[in-house]
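Here is a model to question label by label.

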Amino acid sequence: MDDESYPRTLYVGNLSRDVTEILILQLFTQIGPCKSCKMITEHTSNDPYCFVEFYERRDAAAALAAMNGRKILGKEVKVNWATTPSSQKKDTSNHYHVFVGDLNPEISTEDVRAAFSPFGKIS
């Protein structure tokens, strides 16, 4: 399950301006070994955010479950899977999107597909 096609990078948002990459790495490394942390602070009107990359997907999934909604320096952080922006927008006019959150880290994409497949085609 930890091959390259599975995400291992988390988005961590709603950070205090006092949070540093070092602090984030100290916190997230307690859950599993982190490969990197990239802090984004260039937007002056928005809160900083960062991307934390793990070596193993299971550690990233455990960190998502453990850290989403936790307070770091007084602010409740938002943690989710990082997504890469698509260079070409897909036509989603005939698609419906459903967000499924707060899943146990042991739930796989295949498990979610199996649960929703009775309702029609899944992309």
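The questions below test the labels used for this predicted model.

Q: Why is R8 called buried?
A: R8 has 13% relative accessibility. Buried means under 20%. R8 therefore counts as buried.

Q: What makes the contact between E53 and R8 a salt bridge?
A: The closest N and O atoms are 3.9 Å apart. The limit is 4 Å between a side-chain nitrogen of Lys or Arg and a carboxyl oxygen of Asp or Glu. The pair therefore qualifies.

Q: How do you know that E53 and R8 link distant parts of the chain?
A: E53 sits in strand 3, residues 49–54. R8 is in the segment before strand 1 (9–13).

Q: What makes K35 and E53 a salt bridge?
A: Their N to O distance is 3.8 Å. The cut-off is 4 Å, so the pair counts. K35 belongs to strand 2 (residues 34–40) and E53 to strand 3, 18 residues apart.

Q: Why is K35 called partly exposed?
A: K35 has 46% relative accessibility. Buried is under 20% and exposed is over 50%. The value for K35 falls in between, so K35 is partly exposed.

Q: What makes R8, K35 and E53 a network?
A: Salt bridges link the three residues. E53 bridges to R8, and E53 also bridges to K35.

Q: Why is the pair of Y11 and Y49 called tilted?
A: The ring centres are 5.7 Å apart. Pairing needs centres within 6.5 Å, so Y11 and Y49 pair. The planes make an angle of 40°. Stacked is under 30 degrees and edge-to-face is over 60, so this pair is tilted. Y11 lies in strand 1 and Y49 in strand 3, 38 residues apart. Y11, Y49 and F51 form one aromatic cluster.

Q: How do you know that I107 is open enough for the nonpolar surface patch?
A: I107 has 35% relative accessibility. Patch residues need over 30%, so I107 passes that test. I107 lies in the loop between strand 6 (78–81) and helix 3 (109–116). The patch covers about 610 Å² and includes V98, F116 and I122.

Key: Residues numbered from 1 in each chain as written. Predicted model: local features only at pLDDT ≥ 70, side-chain atom pairs only at ≥ 80, totals over all residues. Heavy atoms only, no water. Patch = residues over 30% accessible without salt bridge, like charges linked within 9 Å, V, L, I, M, F, W, Y side chains within 5 Å. Areas by Shrake-Rupley, 256 points an atom, 1.4 Å probe, with all protein chains shown as cover. Helix = DSSP H or I, 4+ residues; strand = E, 2+ residues; numbered from the N terminus. Buried < 20%, exposed > 50% of the residue type's maximum accessible area, 1.4 Å probe, protein only. Phe/Tyr/Trp six-rings, centres within 6.5 Å; stacked < 30°, edge-to-face > 60°.
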